[in-house]
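Visitor: I would like to go through this model with you. Could we begin with the strands and then move on to the helices and pockets?
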Amino acid sequence: MKIREEFTCPLELVHDMMKGKWKPIILWRLRLGPTSLSKLERDIEGISQKMLLEQLNELIDFGFVGKKNFEGYPLHVEYFLTDGPGRELLEALKIMQHIGIEYLKEQGKESLLIEKEVVPE
């Protein structure tokens with residue numbers, strides 16, 4: 001992922017880091033704790049393993065996500081939010097989640113929240 005060299009404000013840089021459909025969703029899922037690649041793939045509807053790996057690698061490069069390799073067979077890897085950048089970004093995502101919930105309620109679409117089992121945090 002390319003980060004622009006010229007920018008108006010640092011928000012543009014964070015936007016570049018978070019750009020894409022899947023990164024916020026991956027980070028939101030990781031708020032629940034460390035997890036394996038296969039569990040992430042099952043939990044995030046519609047993402048391919050290739051896309052998931054690409055997005056995870058970019059999030060790791062930017063310092064939002066960490067990766068822990070466990071020794072032994074079968075291979076086991078866990079992904080987790082980093083202290084600092086990952087946890088800070090999660091706070092911004094919580095605000096965005098809240099805005100989305102309120103918007104759906106105002107539009108009379110609370111049934112979608114119930115269907116998706118969304119619980120405000």
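This is a predicted model: local features need pLDDT of at least 70, side-chain atom pairs count only at pLDDT 80 or more; totals for chains, interfaces and linings use all residues.

Visitor: Which residue of β2 is the bridge partner of Lys-67?
Guide: Lys-67 has Tyr-79 as its bridge partner in β2.

Visitor: And how many residues lie between the strands of that hairpin?
Guide: Five residues lie between β1 and β2, and in this hairpin Gly-72 takes a positive phi near 105°.

Visitor: What does the secondary structure come to overall?
Guide: The protein has six helices and two strands. Along the sequence, the pattern reads α-α-α-α-β-β-α-α.

Visitor: What box do the C-alpha atoms fill?
Guide: Taken along the principal axes, the box is roughly 50 × 40 × 25 Å.

Visitor: On to the helices, then. At what angle do the axes of α1 and α2 cross?
Guide: The axes of helix α1 (residues 10-18) and helix α2 (residues 23-30) cross at roughly 80° and come within 9 Å. The two helices, α1 and α2, are therefore roughly perpendicular to each other.

Visitor: Which residues meet there?
Guide: From α1, Asp-16, Met-17 and Met-18 meet Lys-23, Pro-24 and Leu-27 of α2. Sorted by class, the contact of α1 with α2 has four nonpolar and two charged residues, with no polar ones.

Visitor: How is α2 placed against α4?
Guide: Helix α4 (residues 49-61) packs with α2 at an angle of about 75°, and their axes are 10 Å apart. As a result, α2 and α4 are therefore roughly perpendicular to each other. On the α2 side, the contact is made by Lys-23, Ile-26 and Leu-27, while α4 contributes Leu-52, Gln-55, Leu-56, Glu-58 and Leu-59. The contact of α2 with α4 divides into five nonpolar residues, one polar and two charged.

Visitor: What about α2 and α5, how do their axes cross?
Guide: The axes of α2 and α5 cross at roughly 105° and come within 10 Å. That makes α2 roughly perpendicular to α5. Pro-24, Leu-27 and Trp-28 of α2 make this contact with Leu-89, Leu-90, Leu-93, Lys-94 and Gln-97 of α5. In the contact of α2 with α5 there are six nonpolar residues, one polar and one charged.

Visitor: Switching topic: how much space lies in the largest pocket?
Guide: The largest pocket holds about 720 Å³ of space. Its lining has 21 residues, and Ile-25, Trp-28, Asp-43, Gln-97 and Val-118 lie nearest the centre.

Visitor: Which helices supply that lining?
Guide: For the largest pocket, α2, α5 (85-106) and α6 (110-115) each supply at least two residues of the lining. By class, the lining of the largest pocket has twelve nonpolar residues, one polar and eight charged.

Visitor: And the second largest pocket, what lines it?
Guide: The second largest pocket is lined by Leu-11, Val-14, His-15, Met-18, Pro-24, Leu-89, Ala-92, Leu-93 and Met-96. About 180 Å³ of space lies in this second largest pocket, and α1 and α5 each supply at least two residues of its lining.

Visitor: How many charged residues are in that lining?
Guide: The lining of the second largest pocket has no charged residues; eight are nonpolar and one is polar.

Technical notes
Residues are numbered from 1 along each chain as its sequence is written. Side-chain values use heavy atoms; hydrogens and water are left out. Axes are lines fitted to C-alpha atoms, for helices over the stretch in contact, and angles run from 0 to 180 degrees between N-to-C directions. Helices (H or I, at least four residues) and strands (E, at least two) are DSSP runs, numbered from the N terminus. Angles under 35 degrees count as roughly parallel, over 145 as roughly antiparallel, 65 to 115 as roughly perpendicular and the rest as oblique. Contact means heavy atoms within 4.5 Å. Ala, Val, Leu, Ile, Met, Phe, Trp, Tyr, Cys and Pro count as nonpolar, Asp, Glu, Lys and Arg as charged, and the others, Gly among them, as polar. On a 1 Å grid over the protein atoms alone, a cavity is a set of points where a 1.4 Å probe fits but cannot get out, and a pocket is an open set with protein on both sides within 12 Å along at least five of seven lines; lining residues have an atom within 4 Å of a point. Grid points are joined across faces, edges and corners, and a volume is the space filled by probe spheres set on the points. Two strands pair if DSSP finds at least two bridges between them.
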